[in-house]
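Hi everyone, thanks for coming. I'd like to walk you through one structure today and talk about how its parts touch each other.

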Amino acid sequence: MSTAAAPAGTSAGTAADDAPPRRRRRSRASRREAWAAYGFLSPWAIGFVGLTVGPIVASLVLSFTDYNLLDAGDTSWVGTDNYREALTEDRLVLHSLKVTAYYATLAVALDLVVGLAVALLLNTGLRAIGAIRTIYYLPAAVSGVAVSLLWLWIFQPSSGLANAMLDLVGLPRIDWVYSTTWVIPAFVLMSLWGVGRSAFIYLAILQRIPTNLYEAAAVDGAGPFTRFRRITLPLVTPAIFLNLVLGIISNFQTFTQAFVISEGGPANASLFYTLYLYRNAFRYFRVGYASALAWILFALLLALTLVAFRSSRRWVYYEAGGAR
Amino acid sequence: MPGMTRRQLLRRGLTLAPAMSMWPALLAACGDDDDGGGDATDSQNAALQILVGFGTGNAPNQIPAQEELAAAFEEARGRAIAFRRIPDVDGQEAQRQLGVSIAAGNPADIILPTGVFGISLYLDQDVWLDLAPYLADADIDLGLFAEAATAAAKVPNYFGPDSDVIVGIPAGLFTHTIAYNKELLAAAGVDEPPHQWDAAGWDYGRLLEITKALTLDSSGRNAADAGFDPGDIVQFGLGHWDTGLMALGYGAQKYDPETRRLLLDSDENIEGTQFGADLVNVHHVLANDQLAAGVAAGAGDQPQLAAWKSGKLAIIDMCGCDLLSYGVDNDFEWDVAPWPKGPAKLVSTLNLDVGAVVAASDKRDAAFEALEFLLVEPANARKLATKGYGAMSPLRSEEGAFLTELESEFPGIDLQLFLDAFPFSVNQEGWFPAFTQVNDAGGEFLDPIALGDAPAADQLREYQRAAQNLVDRWFEENELPS
């Protein structure tokens, strides 16, 4: 393989009559390599096409049918009826979208701010910074169900940690996940558990900012806040943009905490869109309708992502080409 | 990649992807499309699968009796029984798994036990096998069972009052009493409730009076005292109590099959629901799950059970199905008493559990044979009901077995009251159109009442409007088999 893969230029000065056999050898080797590549790629390709692309295509087709999980034999084509019902008749679709948008707005904003703050902290020369970074990232690797159960205890109104802390500072107790007002803010606070993921994206960018920029600014008399505003913030905008897009997509798909902790309650105050989708698919067994809900969510996320990309031209700064 | 341009690779990939995306459809097309139909495709020795998770049946001390009977069936009939146990407090995970497994062509053969509520969730989706022909072939007379049990299993709201269709063989009957912590009553100087159904003076008013005396804050004041702090309660007079059931005593009903109308906004339902909510939010004597978790450290996912066992609840609703959990390993003296009478009538709840055969099973005959063995043969039915589920056997011949089987486990407990409850007990789980959707919609309207955020009258009128729309729509898209 090593000889066959040798760059053509290494033998460019040899006799011209050597060329045909070299081409033949390269061709055979290339084919072998191609097949080897296919072989190594095939487990992923089969999984991707069979378990991802297949269901995606299937769900698109099903969204135009009245497919019921318990009565698959009686499935018929209903055209756009599912989409029409979801967008014009089913008031819980709009309600769940509002709940989800409210949550996502707060959670994304908090994640962007706190993630950057944590990253700035982790980028300092603290002792044992490696251990601290690991500790910050560990929660992002813990199972969502386990995390939800832990936070259920934290939010327990009478004996939970959250209200114990409010007691310490003399603030009134809150019913957290048992309150229609506080259940979403509680979930937003809970979302900070995974802030290590965005912090690490920030950190990767922060560590690439040349120190001479700060040194030059300091020589010019810029204080810490000015250096942050004029140097750090513009240069981390690509990371802010990435975290914004990832945050929108992941927070609009929030499911586990509502499923485990509140089941959409109280009074549907935490009925996230994906939870309502799940109910339609696996409680009412209306898979055709649930598929339509999934594609509506996809369209919405696509639109939001496109808006984010379009707006990024005005505020995201890339070192190579400036803001674009 | 050497030898292949990016464009070539992309073209090949685009050719390959649609072809491979068809494989699930191809697999489905090549699959077995047998629609059940007796045991034509049944392997002779394949184990019957019983799904346990639609209600009771998964408590550790309920399992041995079920396993012993399964072993006895295998010895007698040569076919093994495998249990699929899905322990889950509200049964939703088991319900989801049943639906998905039916779609996947691999459902459990039998659901045992399931309440009428579980039956109703799937009734209009043809999930259950009509057992009437099997019962007729086996010459089994339904008169063997208590009338209340077979009446509920026939689901008259759906099949009609004169239909012979029956979708489950009765497996257990559960009446309800209240249970009380004798030590807490004594400490509060409260007389124990009467031990006779429909005793004079034992009504909702008296219940409220004594539960106020039994609800204490951390400074020892009770809920009737001046200065009582409802934000710092350490012991509740009442717990493990479905406030929705209070409406029964006011004469409320859910659905009228004649007019095809839900009755959620009836005066009786509004008054009774408001009274139930007031027990929590106005009188502060009833612990909901959140409050129960607050008085029971480490409550986990069963705060009411933890609160009762730690002596923080003085009185609870005691279903027969709870006897083997709430009634065992208590470190205090307790007993049972009848439900109190409501303003309109004395009424308690009757839960009926049945064994049902999944219509999509490929072992229908064997499944019925197992149900016959477990639920019709008197000795087995008695053992399964009492030891397996803590229930009364619905077989008329075994009416007294509830006492003889359980009295050794519950010495000094007035178990006779569970039997005496029948004349006052009504099954509340009967099917009505759009059953699952109407029940799920309830949270949106009932939670604000339960939290004390909105009056029952407003919420129930809204609920009625939304739920009746679901019912009307069901009738537009479906027809009753009757």
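This is a predicted model: local features need pLDDT of at least 70, side-chain atom pairs count only at pLDDT 80 or more; totals for chains, interfaces and linings use all residues.

Let's begin with the two chains. Chain A brings 30 residues to the contact, and chain B brings 30 residues as well. If we look at the chain A side, two helices that each give at least two residues are α1 (19–62) and α12 (273–282). Which of the elements has the largest share of that side? That would be α1(A), with 11 residues. As for the make-up of the side of chain A that touches chain B, we have 16 nonpolar residues, nine polar and five charged.

How many residues are in contact between them? On the domain 1 side there are 30, and they meet 29 residues of domain 2.

Staying with domain 1 of chain B, the elements that each supply at least two residues to the side touching domain 2 include the helices α5 (116–122), α8 (156–159) and α18 (416–420). Strands contribute too, among them β4 (169–181) and β12 (348–357). The most comes from α18(B), which gives three residues. By class, this side of domain 1 has 20 nonpolar, eight polar and two charged residues.

That's my tour, and I'm happy to go back to any part of it.

Methods
Residues are numbered from 1 along each chain as its sequence is written. Chains are lettered from A and ligands numbered from 1 in the order in which they are written. Two residues are in contact if their C-beta atoms, placed from the backbone, lie within 7 Å. Helices (H or I, at least four residues) and strands (E, at least two) are DSSP runs, numbered from the N terminus. Ala, Val, Leu, Ile, Met, Phe, Trp, Tyr, Cys and Pro count as nonpolar, Asp, Glu, Lys and Arg as charged, and the others, Gly among them, as polar.
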